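Please look at the sequence and the structure shown here, and keep both at hand while reading the short report that follows.

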Amino acid sequence: MQKLLIVLLFVSFITTFAFGKNVNAEVDAAATRILPKVIEWRRHLHQYPELSNRETKTAKYVEDHLRRLGLEVRTGIAKTGVVGILKGALPGATVGLRADMDGLPVTERNSLPYASKEKAEYNGQTVGVMHACGHDTHVAMLLGAAEVLSGMKNKIRGTVVFIFQPAEEGAPDGEEGGAQLMVKEGVMDNPKIDAIFGIHINSQTEIGKIKYKSGAMMAAADWFTIRVKGRQTHGAYPWSGVDPVAASAQIINGLQMIVSRQSELTKAPVVITVGKIQGGVRENIIPEELVMAGTIRTLDDAMQKDVHARVKQTAEKIAESMGATATVEIVTKTLVTYNSPELVRQMLPSLEKSVGKGNLMETEWVTGAEDFSYYRLKAPAFFFQVGGMPAGKAPKDAAPHHTPDFIIDDSRLDVGVKAFANLVLDFKLNANTAASSSVVDFADFSGKQISIENCREPNVYESPLQAFKFSSLVKEDLTARLCGKS
Ligand SMILES: [Zn+2]
Ligand SMILES: [Zn+2]
C-alpha cells in the first residue's frame, strides 16, 4: 500500500513537472512567433497616444483585439478601462494581469517613423501627447499574452483576467481614475482575483532582463499643501506683523528633520520634497499668507502614516512658535507598491524561465510610485520591471521616463509576453500566498492596516505616533476570504 502511494506520488510529480515544462516551452515558442505582431501593435499605440481618462481609441483597439480572441469583454470600467476574461478548461485559481494604457502631456522629440505627433487639451492647455512612460509596451505585451494564452485554453487551470487600466499617471484635475477607481468599481471581485501581476518597462534597464524586489518595491506618493498664515506688514517693520515667509523657511528645514532625525531610515527610506512656494508681491511688503506644496515618498505603510502626523505637527508647531498658523493638507496618490514575499518566492522560477538564467535580478527600492499598489488591497500582488534599454548602452545615457527623448528598444517585448503567460500557467493558490499581501481595508484606509500571517490572528501595525486598529468586520471578511473560514 505504501509502495503504491509512493509510486502514485512519483507519477503525479512527474506529470506535474512534465506538464509544467511542456506548457512553458509552448509559451516560449508562441511568444517568439508573435513578437513581430506585438512590436507592430506597440508602434501603432505609440504613434497615437492618449492622455489619462481619455484613452478611447486605445480602449477600442484593445477591445477589438480581445473580441477577436473570443474572450468575454467588459468595457467602460473606471471610464475607459477594458477587461478580458479567459476561462481555462481546468479548474483552478483566478489570476489578474494588468497593463496601463495612458500617455503623458509631453511632446516627443524622437525621430522614429512612428513618433507621436498627437496633441490634446490638458487642464485647459494644448499639449503634445507621448507614450513617455512606455505604457504602449505594456498594452502590447498584455495583448500578446492574451493571444498566447487563448491558444492554450485547454492547459489553463482556472481563469485569467486581463486588465487594461486607464489613468495610471493620474486623472485630470477634479476627476477620479486609475487603479483606485478600477478597484472601487469591482475589477478584483467578479470573478474574485486570487493574485495579480503587473509589468513596467524601464528605459534604463537593459533589454532581456527582469528586475524585481520582494516586499516594498515602489514608494507611496502623497501630495501635500501647507498654508502658512501671518499678518501683513511693512517690510521695514517686521515686528509690527507676523512674517509667513520666515516661518515657511523654518518649516522647510523642519520637514527635512523628519527625514534625517525622526525616521527609521534603516527600515525604509523617506523623501520629503517641497516643489512649489507661492507668496508675496513686492520686496518691501511682508505678505499675509504663503502656500507651499510638495510630495512625500515612503516605502512602509506604518512609516507613511507616521510621516503624515509629523509633517502636520512640524508645520503647525513651528508656525505657532512664530505667531503664525499653518494648515496642512495631505492627499494620498498611491500606496506602497508591495510585492507579497510569498507570491514572489513562489513565482520567481516562472520569471526566470521567461527571461533566462542570469537575467533575473533584484532591484533597489524605488522612490517613484505606481498606482498598481491599489490592487494589493484585494489580493497578493507582484509588480516587476522589464528592460527596454538597448543592450550595451549605459543607463546614465538613456533618457529617463517622462522626458521628450524617452525611448524604448522594443525588440525583446517577448520577455513580457512570456512572463505574463508563464505566471498564469504556473500559479497555484495556497494559504501562505493568499495571506501574505499586507492587506489594508480599502473602504477605510486611514486608520486601519492589517495583515494575516498563515491565517493566525491579524497583526496590528504600530508607529511611534499612532497605533492602528482593525475593525472586526474587516478581520472577519479577510479571515473568510484568505483562510476559507466563516
Ligand atoms: Zn509614468
Ligand atoms: Zn508608468
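## What counts as a contact

Two residues are taken to be in contact if their C-beta atoms, placed from the backbone, lie within 7 Å. The model described here is a predicted one.

## The chain as a whole

The chain has 10 helices and 20 strands, and of its 486 residues 48% count as buried. Among the contacts in the chain with a separation of 6 or more, residues 24 or more positions apart account for 79%.

## Helix 2 against helix 3

Helix 2, which covers residues 56–68, packs with helix 3, residues 135–150, at an angle of about 15°, and their axes are 10 Å apart. Because of that angle, helix 2 is roughly parallel to helix 3, and helix 2 passes helix 3 in a right-handed crossing.

On the side of helix 2, the residues that meet helix 3 are Thr58, Val62, His65 and Leu66, while helix 3 contributes Val139, Leu143 and Ala146.

## Strand 2 and its partners

Strand 2, residues 81–87, is mostly covered, since five of its seven residues are buried. Strand 1, residues 72–77, pairs with strand 2 in the antiparallel sense over four bridges, and Gly84 in strand 2 is the bridge partner of Val73. These two strands form a hairpin with three residues between them, and in the turn Ala78 has a positive phi of about 50°.

Strand 2 also pairs in the antiparallel sense with strand 6, residues 157–165, over six bridges, where Lys87 stands opposite Thr159 in strand 6.

Technical notes. Residues are numbered from 1 along each chain as its sequence is written. Chains are lettered from A and ligands numbered from 1 in the order in which they are written. This is a predicted model: local features need pLDDT of at least 70, side-chain atom pairs count only at pLDDT 80 or more; totals for chains, interfaces and linings use all residues. Axes are lines fitted to C-alpha atoms, for helices over the stretch in contact, and angles run from 0 to 180 degrees between N-to-C directions. Angles under 35 degrees count as roughly parallel, over 145 as roughly antiparallel, 65 to 115 as roughly perpendicular and the rest as oblique. A crossing is left-handed if the near helix is turned anticlockwise from the far one by less than a right angle, and right-handed if clockwise. A residue is buried if 20 or more other C-beta atoms lie within 10 Å of its own, exposed if 12 or fewer, and partly exposed in between; C-beta atoms are placed from the backbone. Two strands pair if DSSP finds at least two bridges between them.
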